Amino acid sequence: MKHLKHLSILAGLTAGTLTGFTAAASADELVLSSWLPPKHPVVTGVIEPWAEQVADATEGRVTVRVLPKPLGPPPAHYDLAADGVADITYGLHSFTKDDRFLRSRIGQFSFIADTATDGSKAYWNVYGGTLDAQAEHEGTKLLGLWVHGPGMFHNNQRKIESADDFSGLKVRTPGGYIAGLSQDLGITTQFMGPGEVYEKLSRGVIDGVTFPMEALQAFNLTDHIKYSMKIPGGIYNTSWFLVMNEDVWDGISAEDQAAIEKVSGEALAELAGGVWDGADTRGAAYIADKDIEVYDAPAPVLAKIKELAGKHEGAWVEAVSATGFDGAAALSEFRVQTSVSN
């Protein structure tokens, strides 16, 4: 295992964390770097249960220790696994600004799924299958793919009643497709980790954020949001990965690899999707008595989003075609599996 690479990243860790980290290198456990708050639903409902399932499936021969602090910033997490700084990581494809995950963008578009469960299963089936996701995750073993619930548009300045109402707003996006779509709508976008949103909203640095419903509760944003707009199938989504360093994976016995795969892949997609859906439901109940107006996007707004979304999808299909894949057919199949029409 290549645990000692990139010491500059590790320099900021406490001595206690480092001691535990180096000890793990010689023990029969794998280290997973986690960057979300420890009580976030993805950590408590997806990552930690999956780690327990791995231990159970391999009868304790492979265990996963979730670190209490991340080994680097959120955008670095794919490379932390690929380079062997961590054994396992998770993250968003949109955090990586180059084109290495070109085909993954199928999971970021507007109008793709009304629930995270449907979206996550379709994402694993289509991107993980038809579009050969493993080939884009070089240096790692791809263990999981999922998406969150339908992305919404939240802000504290005005209700969006026409496409012109987007213009001039300063909004945090997670990068990728939704950043481009937002810019097309006249929005000034800012990229930051989700943990930074509360501070930037409360200080007026940003006016809003693109998040699923659950995030208003998870990141304590209800005092700084006044309007939340829903889009059928989501105005966007985020595509997530769970990966293991390739050399570490190759060092696991074939028997235990098969056991880990059984609790990963489609099973993990369904688990993650269910967790997101539950969190969205709780989030909606939580804000029901808050001073936030939740409303459906008006027809003129939907029409403009569909127009711009179509251009982004067309450009993606053309780029994917150049790599030998049929993006249009894949996107169509995705929507068939989620029963969402565009």
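**Helix packing and pockets**

1. In this predicted model, helix α3 (residues 41-57) packs against α12 at an angle of about 155°, and the two axes lie 9 Å apart. Because angles over 145 degrees count as roughly antiparallel, α3 is roughly antiparallel to α12. The crossing of the two helices is right-handed.

2. On the α3 side, the contact is formed by Pro-41, Val-42, Gly-45, Val-46, Trp-50 and Gln-53. Helix α12 contributes Leu-268, Leu-271, Ala-272, Val-275, Trp-276 and Ala-279. Sorted by class, this contact of α3 with α12 comprises ten nonpolar and two polar residues, with no charged residues.

3. Helix α12 (residues 265-287) also supplies the largest share of the lining of the second largest pocket, namely four residues. That pocket holds about 220 Å³ of space. Its lining includes Asp-114, Lys-230, Asp-277, Asp-280, Thr-281 and Ala-284. Six nonpolar, two polar and four charged residues make up the lining of the second largest pocket.

4. The largest pocket has a volume of about 320 Å³. Of the 19 residues that line it, Arg-105, Gln-108, Gly-175, Gly-176 and Tyr-177 lie nearest its centre. The lining of the largest pocket divides into seven nonpolar, nine polar and three charged residues.

5. Which helix gives the most to the lining of the largest pocket? It is α13, with four residues. Helices α7 (177-184) and α13 (299-321) each provide at least two residues of that lining.

Note on methods. Residues numbered from 1 in each chain as written. Predicted model: local features only at pLDDT ≥ 70, side-chain atom pairs only at ≥ 80, totals over all residues. Heavy atoms only, no water. 1 Å grid on protein atoms, 1.4 Å probe; cavity = no way out; pocket = protein on both sides within 12 Å on 5 of 7 lines; lining within 4 Å. Points joined across faces, edges and corners; volume = space filled by probe spheres on them. Nonpolar A, V, L, I, M, F, W, Y, C, P; charged D, E, K, R; others polar. Axes fitted to C-alpha atoms, helices over the stretch in contact; angles between N-to-C directions. Parallel < 35°, antiparallel > 145°, perpendicular 65-115°, else oblique. Left-handed = near helix turned anticlockwise from the far one by under 90°. Contact = heavy atoms within 4.5 Å.
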